[in-house]
Amino acid sequence: MAPLEEDSDYKLDEQVGFALRKAYQRHMTIFSEHNPGGLTSMQFSTLYRLATEPGPISQNALGRLVAMDAATTKGVISRLQARGLVETERDLVDKRRYMLRTTPEGRKLLAETLPTMKQITADTLAPLSAEDAATLLALLRRIS
């Protein structure tokens, strides 16, 4: 079978999804090499958001803050709870709902891993100038 002829108007390397996936793969390789606190990137972002929010928050609200669907958020929270990094309490207003907060162990782990997380970002963006890195982050925020 003959190979598909390249479309002169379509170059795979110029497609946003392809470029984003390659950049994400680079970032995740760097992330996994550092393995900050044994956390996945989703666990870290969830724990960080939870720790920086005032007071306990619902799982639904937390999921929105970290851009995860309900099922994924539930799984991440379950793993963080199993490690003693997150705790739940009944909502005082709606007894059917549980509110989440970080534990002292969770906050301690965050404090220990933040320098590594900063280094992961620096390593990921290392091929770019400081100006290009700032532009990239600004553009990504605009399309997300």
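A residue is called buried when its relative accessible area is under 20%, exposed when that area is over 50%, and partly exposed in between, as found with a 1.4 Å probe on protein chains only. At 72% relative accessibility, Ala67 therefore counts as exposed. The structure is a predicted model, in which local features need pLDDT of at least 70 and side-chain atom pairs count only at pLDDT 80 or more, whereas totals for chains, interfaces and linings use all residues. Residues are numbered from 1 along each chain as its sequence is written, and side-chain values use heavy atoms, with hydrogens and water left out.

Helices (H or I, at least four residues) and strands (E, at least two) are taken as DSSP runs and numbered from the N terminus. In these terms, Ala67 is found in the loop between H3 and H4, and its phi is positive, at about 55°, although the residue is not a glycine. Asn35, placed in the loop between H1 and H2, likewise has a positive phi, near 45°, in a residue other than glycine. Most residues other than glycine have a negative phi. With a relative accessible area of 45%, Asn35 is partly exposed. Asp13 belongs to the segment before H1 and counts as exposed because its relative accessibility is 60%. From C-alpha to C-alpha, Asp13 and Ala138 are 22 Å apart in space, while 125 residues separate them in sequence.

The interior was examined next. A nonpolar core is a set of buried Ala, Val, Leu, Ile, Met, Phe, Trp, Tyr and Cys residues joined through side-chain atoms within 4.5 Å. The largest such core has 20 residues, of which Leu39, Leu47, Leu80 and Val86 touch the most other members. Two or more residues of this core are given by each of helix H1 (16–34), helix H2 (41–52), helix H4 (70–82) and helix H5 (104–125), and H5 supplies the largest share, namely four residues. Contact here means heavy atoms within 4.5 Å. When neighbours within four places in sequence are left aside, Leu39 is in contact with Phe31, Phe44, Leu47, Leu80, Arg83, Leu85 and Leu109. Thr113, located in helix H5, is buried, with a relative accessible area of 3%, and, again leaving aside neighbours within four places in sequence, is in contact with Pro36, Gly37 and Phe44.

Two strands are said to pair if DSSP finds at least two bridges between them. Three strands form an open sheet in the order E1-E3-E2, with antiparallel pairing. Strand E1 (57–58) and strand E2 (86–90) stand at the edges, each with a single partner strand, so one side of each is left without a neighbour in the sheet. E1 and E3 run antiparallel and are joined by two bridges, whereas E2 pairs with strand E3 (residues 98–102) over five bridges, also in the antiparallel sense. Within E3, Leu100 stands opposite Ile57 and also opposite Thr88, while Thr102 stands opposite Val86. Thr102 is buried, with a relative accessible area of 5%, and touches Leu47, Leu50, Ala51, Leu85, Val86, Glu87 and Arg107, not counting residues up to four places away in sequence.

A further set of results concerns helix H2. The helix has twelve residues and reaches 16 Å from its first C-alpha to its last, close to the 16 Å expected at 1.5 Å a residue, where the expected span is 1.5 Å times one less than the number of residues. Its buried residues are Gln43, Phe44, Thr46, Leu47 and Leu50. These residues cover an arc of only 165° around the axis, which puts them on the same side of H2; the arc is that of the directions from the helix axis to the C-beta atoms. What covers the buried residues of H2 includes E1, helix H3 (59–65), H4, E2, E3 and H5.

The strands among these elements bring the description back to the sheet, in which E2 and E3 pair over five bridges. H2 packs on the sheet, touching E1, E2 and E3, and its direction makes about 95° with that of E3. For this angle, axes are lines fitted to C-alpha atoms, for helices over the stretch in contact, and angles run from 0 to 180 degrees between N-to-C directions.
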